[in-house]
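Here's a quick briefing to read alongside the model. Have the viewer open and follow the topics in turn.

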Amino acid sequence: MKKTLLGLITLLMISLLAACGSNESSGESGSDSAEGETYTVATDANFQPFEYKNPETGEMEGFDIDLVKAVAKEAGFNVDFKTMEFDGLLASMQSGKFPIGVAGISITEDRKETISFSDSYYDSGLILAVPEESDIQSIDDVDGLKVGARQGSTSEEYLKNNTDAEVVAYPEIVTAYMNLEKDRLDAVLYDLPNVKYYIKENAEGKLKTVGDVLEGQPYGIAFPKDSELVDPVNEALETIKENGTYDEIYKKWFGTEPPQ
């Protein structure tokens, strides 16, 4: 009996030690704050240079990705990224399915009714892209023409509310650009930095921007309405702007210092 009891006690202690060891091992996250909680960040897979999946590594990269990682590290939590279509991302914030969203999301009064936002971290606006030989000179020239946009975006909303164009909205804006290059569209309206990035990387001499920048709107990190994460994220965002981290990230992705 003594030997049996001793054997049971030994087995029990081994089991307890194994359990302790397994608890110390946690999954990898997008930040270095292993002590903190991990939050899933809903994002986009193809909005360069803000967020995209590197085809060689399969990892998410971009300005927004680095920004959220820096904010998370400062605020003391971890992040994992889940990619989805943009309109689905907004719906996930409204339903509370995910705690954080980032994808070059413009802060608008309509969205603020159902979504909470951080302080702004980037000032953007909409610009029109057309083929190099196009006669279109501004948004005033698109009535009756086929104009591409992205589903659920402010560009789609702007076209519907301010023009008589035939609006063709796509889940991924890259599809709109490609259709524009193939003459299936007359123009594309979308966020200035993404339009410029696409032309620079893929369509030099094929596409150009025309007209004024429309509806300059700031980007913000999104949360379900009245989320408790808004305040700590804003504090962390302010800190990384003050300590130079934001400037480093901005220069890495845009090649210049951020505007003052």
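Predicted model: local features only at pLDDT ≥ 70, side-chain atom pairs only at ≥ 80, totals over all residues.

Residues are numbered from 1 along each chain as its sequence is written, and side-chain values use heavy atoms, with hydrogens and water left out.

**Overall make-up**

- The protein has nine helices and 13 strands; helices (H or I, at least four residues) and strands (E, at least two) are DSSP runs, numbered from the N terminus.
- Out of 260 residues, 46% count as buried, with buried meaning under 20% relative accessible area, exposed over 50%, and partly exposed in between (1.4 Å probe, protein chains only).
- Take the contacts (heavy atoms within 4.5 Å) between residues at least 6 apart in sequence: 68% of them join residues at least 24 apart.

**Strands**

- Strand β1 (residues 38–43) runs parallel to strand β5 (residues 78–83), and six bridges join them; two strands pair if DSSP finds at least two bridges between them.
- Thr40 has Asp80 in β5 as its bridge partner.
- β1 also pairs in the parallel sense with strand β6 (residues 100–101), over two bridges, and here Val41 is partnered with Ile100.
- Elsewhere, there's an open sheet of three strands in the order β2-β3-β4, with antiparallel pairing.
- β2 (46–47) and β4 (60–61) sit at its edges with a single partner strand each, so one side of each has no neighbour in the sheet.
- Strand β3 (residues 51–53) is joined to β4 by two bridges, and Lys53 has Met60 of β4 as its bridge partner.

**Helices α2 and α9**

- Two packed helices are described by the angle between their axes and the distance between the axes.
- For helix α2 (residues 63–75) and helix α9 (residues 245–254), the axes come within 9 Å and cross at roughly 165 degrees; axes are lines fitted to C-alpha atoms, for helices over the stretch in contact, and angles run from 0 to 180 degrees between N-to-C directions.
- That makes α2 and α9 roughly antiparallel to each other (angles under 35 degrees count as roughly parallel, over 145 as roughly antiparallel, 65 to 115 as roughly perpendicular and the rest as oblique).
- On the α2 side, Phe63, Asp66, Leu67 and Ala70 meet residues of α9 including Tyr246, Ile249 and Trp253.
- By class, the contact of α2 with α9 has eight nonpolar, one polar and two charged residues (Ala, Val, Leu, Ile, Met, Phe, Trp, Tyr, Cys and Pro count as nonpolar, Asp, Glu, Lys and Arg as charged, and the others, Gly among them, as polar).

**Helices α6 and α7**

- The axes of α6 and α7 come within 12 Å and cross at roughly 55 degrees, so this pair is oblique.
- Ile173, Val174, Tyr177, Met178 and Glu181 of α6 make the contact with Asn194, Val195, Tyr198 and Asn202 of α7.
- Sorted by class, the contact of α6 with α7 has six nonpolar, two polar and one charged residues.

**Buried residues**

- In helix α7 (residues 192–202), Pro193, Asn194, Val195, Tyr198 and Ile199 are buried.
- The cover over the buried residues of α7 includes β2, β8 (122–131), α6 (173–181), β11 (187–191) and β12 (207–219).
- Ser155 is in helix α5 (residues 154–162) and counts as buried, at 0% relative accessibility.
- Leaving aside residues up to four places away in sequence, Ser155 touches Leu126, Ala149, Arg150, Leu189 and Tyr190.
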